[in-house]
Amino acid sequence: MIETGIDIVEIPRIETLITRHGDAFLTKIFHPDEISYCESRGQKYEHYAARFAAKEACRKALLSHLTFTPSWTDTYIVSDKTGKPFLKVSKKIQDDLSIHHLSVSLSHTKNLAIAFVLIDIGETR
């Protein structure tokens, strides 16, 4: 079964949340690899916002199939050396579902970040 999710986020909203709540927000929402990547970027808030949108898009695609509500860090984005993003899910999600393929596309402007997720889910275990 192919599931999709899409989400769009206002970058200033994410910047405000990070500025206001700092590490408490970052560690609740983002995987350590995401934090490391975003902090190394020039426009870090754009990258955080795109990853937040990807998490929301992934939740939309997965929630009706999971037997639990995932934490924010159960889904995360890693990038290869060229910057291409890849969607990763926690072992807990992998153990709950038979996922054959994950795909993510991220984009952003100065004010908006968007993510599209495609997930191929086999029969649930």
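Q: Quick one first. Is K60 buried, exposed or partly exposed?
A: K60 is partly exposed. Its relative accessibility is 47% in this predicted model.

Q: What does K60 form a salt bridge with?
A: With D7. The closest N and O atoms of the two are 2.9 Å apart.

Q: Where do D7 and K60 lie?
A: D7 is in strand β1, and K60 is in helix α3. They are 53 residues apart in sequence, so the pair ties those parts together.

Q: And D7, buried or exposed?
A: D7 is buried, at 14% relative accessible area.

Q: Why would two such side chains pair at all?
A: Opposite charges can pair when the charged atoms come close.

Q: How many salt bridges are there?
A: The count is four. One of them joins K55 and E34, with 2.9 Å between the closest N and O atoms.

Q: Which helices hold K55 and E34?
A: K55 sits in helix α3. E34 sits in helix α2, which covers residues 32-39.

Q: What about K91, which residue does it form a salt bridge with?
A: D95. The closest N and O atoms are 3.0 Å apart. Both residues lie in helix α4, residues 91-96. They are four residues apart, about one turn of the helix.

Q: How exposed are K91 and D95?
A: K91 is exposed, at 57% relative accessible area. D95 is partly exposed, at 43%.

Q: New topic, the sheet. What's the strand order?
A: β1-β5-β4. It is an open sheet of three strands, and the pairing is antiparallel.

Q: Which strands stand at the edges?
A: β1, residues 2-10, and β4, residues 99-108. Each has a single partner strand, so one side of each has no neighbour in the sheet. The twist from one strand to the next averages 10°.

Q: How many bridges pair β1 with β5?
A: Nine, in the antiparallel sense. β5 covers residues 112-121. For E3, the bridge partner in β5 is I119.

Q: Which helix lies across the sheet strands at about 75° to β1?
A: Helix α1, residues 11-29. It lies across β1, β4 and β5. Helix α3, residues 44-62, packs on the sheet and touches β1, β4 and β5 as well. The direction of α3 makes about 35° with that of β5.

Q: Switching to the surface. Which residues make the nonpolar patch?
A: I6, I8, L112, I114 and F116. The patch is about 420 Å².

Q: Which strand gives the most to it?
A: β5, with three residues. F116 is found in β5, and F116 is partly exposed, at 36% relative accessible area.

Q: Last one, K88. Where is it?
A: In strand β3, residues 85-89. K88 is partly exposed, at 38% relative accessible area.

Notes:
Residues are numbered from 1 along each chain as its sequence is written. This is a predicted model: local features need pLDDT of at least 70, side-chain atom pairs count only at pLDDT 80 or more; totals for chains, interfaces and linings use all residues. Side-chain values use heavy atoms; hydrogens and water are left out. Two strands pair if DSSP finds at least two bridges between them. Helices (H or I, at least four residues) and strands (E, at least two) are DSSP runs, numbered from the N terminus. Axes are lines fitted to C-alpha atoms, for helices over the stretch in contact, and angles run from 0 to 180 degrees between N-to-C directions. Contact means heavy atoms within 4.5 Å. Patches are made of residues with over 30% relative accessible area and no salt bridge: like charges are joined within 9 Å, nonpolar side chains (Val, Leu, Ile, Met, Phe, Trp, Tyr) within 5 Å. Accessible areas come from the Shrake-Rupley method with a 1.4 Å probe; for residues, only the protein chains shown count as cover. A salt bridge is a side-chain nitrogen of Lys or Arg within 4 Å of a carboxyl oxygen of Asp or Glu. Buried means under 20% relative accessible area, exposed over 50%, partly exposed in between (1.4 Å probe, protein chains only).
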